[in-house]
Amino acid sequence: MCDLQPIRDRETHRAALTEIERLFDVPAGTPEFDRLEILVTLVEAYERKYEPILPPEPIEAILYYMESRGLTRQDLEPAIGSRARVAEILNRKLPLTLEMIRRLHEQLGIPAQTLI
């Protein structure tokens, strides 16, 4: 086991991930488990600072939401408008309006901050 140290670059990040993988199935309450928890915290801090996950593009978020919940374009009509309007929005011909964003959030539960 090597000494714990801050993760400051890709090399130490990669080494920490390798160590996490090695320790992944250790039993709770052991020194190895404590080490695993510390490494995960260090990796999360590094990734939050240097490799943030950007929010999805609004139309991609809608398409993902539709696919994951088995929705069709017709299911979007109450929030967006006619079939033609839904097609224009999903094909990126027209932008979402604030009213559409509000209705998508209220009717389908898509987070408004994702759609803005």
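**A loop residue and its contacts**

Analyst: Start with arginine 92, which is in contact with Glu57, Ile59 and Glu60, leaving aside neighbours within four places in sequence. Keep in mind that this is a predicted model.

User: Where is arginine 92 found?

Analyst: Arginine 92 sits in the loop between H5 and H6.

User: And what separates arginine 92 and isoleucine 59, in sequence and in space?

Analyst: They are 33 residues apart in sequence. In space they are 7.6 Å apart, C-alpha to C-alpha.

User: Is arginine 92 buried, exposed or partly exposed?

Analyst: Arginine 92 counts as partly exposed, because its relative accessibility is 43%.

User: What about the phi of arginine 92?

Analyst: It is positive, about 65 degrees, although arginine 92 is not a glycine. Most residues other than glycine have a negative phi.

User: OK, new topic. How many aromatic pairs does a search of the whole structure find?

Analyst: The search finds one aromatic pair. Tyrosine 46 and tyrosine 50 form it, and the pair is tilted. The centres are 4.9 Å apart, with 40 degrees between the planes.

User: How are tyrosine 46 and tyrosine 50 placed in helix H2?

Analyst: They are four residues apart in H2, which covers residues 31-50, so about one helical turn separates them.

User: What does H2 pack with?

Analyst: H1 and H2 pack at an angle of about 145 degrees. Their axes are 9 Å apart. The crossing is left-handed.

User: Which residues make that contact?

Analyst: From H1, they include His13, Ala16, Leu17 and Ile20. From H2, they include Leu36, Leu39, Val43 and Tyr46. The residues of the contact divide into nine nonpolar, one polar and five charged.

User: Where does isoleucine 7 lie?

Analyst: Isoleucine 7 is in the segment before helix H1, residues 10-23.

User: Buried or exposed?

Analyst: Isoleucine 7 counts as buried, because its relative accessibility is 12%.

User: And what does isoleucine 7 touch?

Analyst: Not counting residues up to four places away in sequence, isoleucine 7 touches Thr12, His13, Ala16, Leu42, Val43 and Tyr46. Its C-alpha atom is 32 Å from that of glutamate 60, which is 53 residues apart from it along the chain.

User: Let's talk cores. Which residues touch the most other members in the largest nonpolar core?

Analyst: Ile62, Leu76, Leu96 and Leu104 do, in a core of 17 residues. Helices H3, H4, H5 and H6 each supply at least two residues of this core. Another core lies apart from it, with nine residues, among them Ala16, Leu23, Leu36 and Leu39.

User: What is leucine 76 in contact with?

Analyst: Leaving aside neighbours within four places in sequence, leucine 76 is in contact with Ile62, Met66, Gly81, Val86, Leu90, Leu104 and Leu108.

User: Last one. What about tyrosine 64?

Analyst: Tyrosine 64 is in helix H3. Tyrosine 64 counts as exposed, at 60% relative accessibility. The C-alpha atoms of tyrosine 64 and leucine 98 are 20 Å apart. Along the chain, these two are 34 residues apart.

Technical notes: Residues numbered from 1 in each chain as written. Predicted model: local features only at pLDDT ≥ 70, side-chain atom pairs only at ≥ 80, totals over all residues. Heavy atoms only, no water. Phe/Tyr/Trp six-rings, centres within 6.5 Å; stacked < 30°, edge-to-face > 60°. Core = buried A, V, L, I, M, F, W, Y, C linked by side-chain atoms within 4.5 Å. Buried < 20%, exposed > 50% of the residue type's maximum accessible area, 1.4 Å probe, protein only. Contact = heavy atoms within 4.5 Å. Axes fitted to C-alpha atoms, helices over the stretch in contact; angles between N-to-C directions. Left-handed = near helix turned anticlockwise from the far one by under 90°. Nonpolar A, V, L, I, M, F, W, Y, C, P; charged D, E, K, R; others polar.
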